Amino acid sequence: MTLRIRESEPLASRTTLELGGPARFFAEVASLAEIEEAVRFARERGLRLGILGGGSNLLVADEGFDGLVAAISSRGRTSKPGPDGAVLVRAEAGESWDELVGWTVAQGWQGLECLSGIPGLVGSTPVQNVGAYGQEVADTIVEVEAYDRERGERRLLARAECGFGYRDSSLKRAGGRFVVSAVTFALRPGAPAPIRYGELQRTLGVAEERDLARVREVVLQLRRGKSMVHDASDPNRRSAGSFFTNPIVEASVADEVARRSGEASMPRWPQPDGRAKLAAGWLIERAGIVKGLREGHVGVSSAHALALVHHGGGTTRELLALADRVVGAVEQRFGVRLEREPVMLG
Ligand code: EPU
């Protein structure tokens, strides 16, 4: 046994929201073997197992977590030539996501640049298919290494087995069965970045950009403007990024929402299946929830209506009550139900 198990470990300071109670048991796991040990420790004692990555998309219950929390702390990244001139980059689950992006951009390897400035660790990115500014990790992932708790063995999941969708994957749908230990991406050395997202296209003034560092810089600048880059001096800093996913609805529902809003210019993105993705932040504002709204110790970010923020001294219960209020307002105004994005622990 190499795991160092701690008891009554506070979790709030390990999450970007800085909310929630302690873990009954807590251990850092730095390898697949240690993940396996943590699984065994929990199983032998009949405990639930929670996985902690960067804590940037996590809501911890005020009562804490009555089980074992395994914090992923494996480090390391390697690269090797892949098929068709690609470079295969493998990163351990505990690597900082943005450090990985910064490194690949500096190498001139195209594929992750639009995902600059996203908080959290590499291992969480395939689970919710992290995406932003026209890219998602599903575009470049070739393989995910995970510990399969059901079979009790290491698994290599090819991209096709990951069942990626918008902020979704088979890993997420399997509800904790897989603990990601490493991710491999296929990147394109020297290739220009396609610029697909409207806001990014307008800022860069191009539909394709060879200078990946410029793409990264502009994405970081846009994210900072929305308080979506961690900054210790930002009053909106305690958040979990987007608190809701953007709803994907039938085209007729989107038309009805536009009609009710009276704004023909409502942002909407057509989906391959004919449905439309709506902007949750836009719906929230039009439902009368203003940016900067404050309720006790929690509120809505003053920079982006999709982020709920904690102002210090609050509780997860308060935040969830505000989330319910937001969901209720959008449902009442537009008949569309928003779904929560962060994962709950406890
Ligand atoms: N909008 C508003 N009010 C707001 C916020 C946005 O009207 O308070 C409007 C904007 O004007 C724009 C539209 O809504 O027309 C979309 O806004 P934005 O470009 O900021 O993107 P988003 O749809 O709100 C998504 C992702 C972000 C990602 C950005 C950029 C989700 C849930 N969110 O946000 O990802 O960074 O696009 O690509 O898909 C995350 O998932 O945690 C996240 C930060």
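Buried, in what follows, means under 20% relative accessible area, exposed means over 50%, and partly exposed lies in between (1.4 Å probe, protein chains only).

Good morning. The structure before you is a predicted model, in which local features need pLDDT of at least 70 and side-chain atom pairs count only at pLDDT 80 or more, while totals for chains, interfaces and linings use all residues. Residues are numbered from 1 along each chain as its sequence is written, and side-chain values use heavy atoms, with hydrogens and water left out.

My subject is salt bridges. Side chains of opposite charge can pair when their charged atoms come close. A salt bridge here is a side-chain nitrogen of Lys or Arg within 4 Å of a carboxyl oxygen of Asp or Glu. The structure holds 33 of them.

Consider Asp98 and Arg216, whose closest N and O atoms are 2.9 Å apart. Helices are DSSP runs of H or I with at least four residues, strands are runs of E with at least two, and both are numbered from the N terminus. Is Arg216 buried or exposed? Arg216 is buried, with a relative accessible area of 16%.

Next, Arg177 pairs with Glu150, the closest N and O atoms being 3.6 Å apart. Each lies in a loop: Arg177 between helix H3 (170–173) and strand E13 (178–189), Glu150 between strand E11 (141–148) and strand E12 (153–158). Arg177 is partly exposed at 21% relative accessible area, whereas Glu150 is exposed at 62%.
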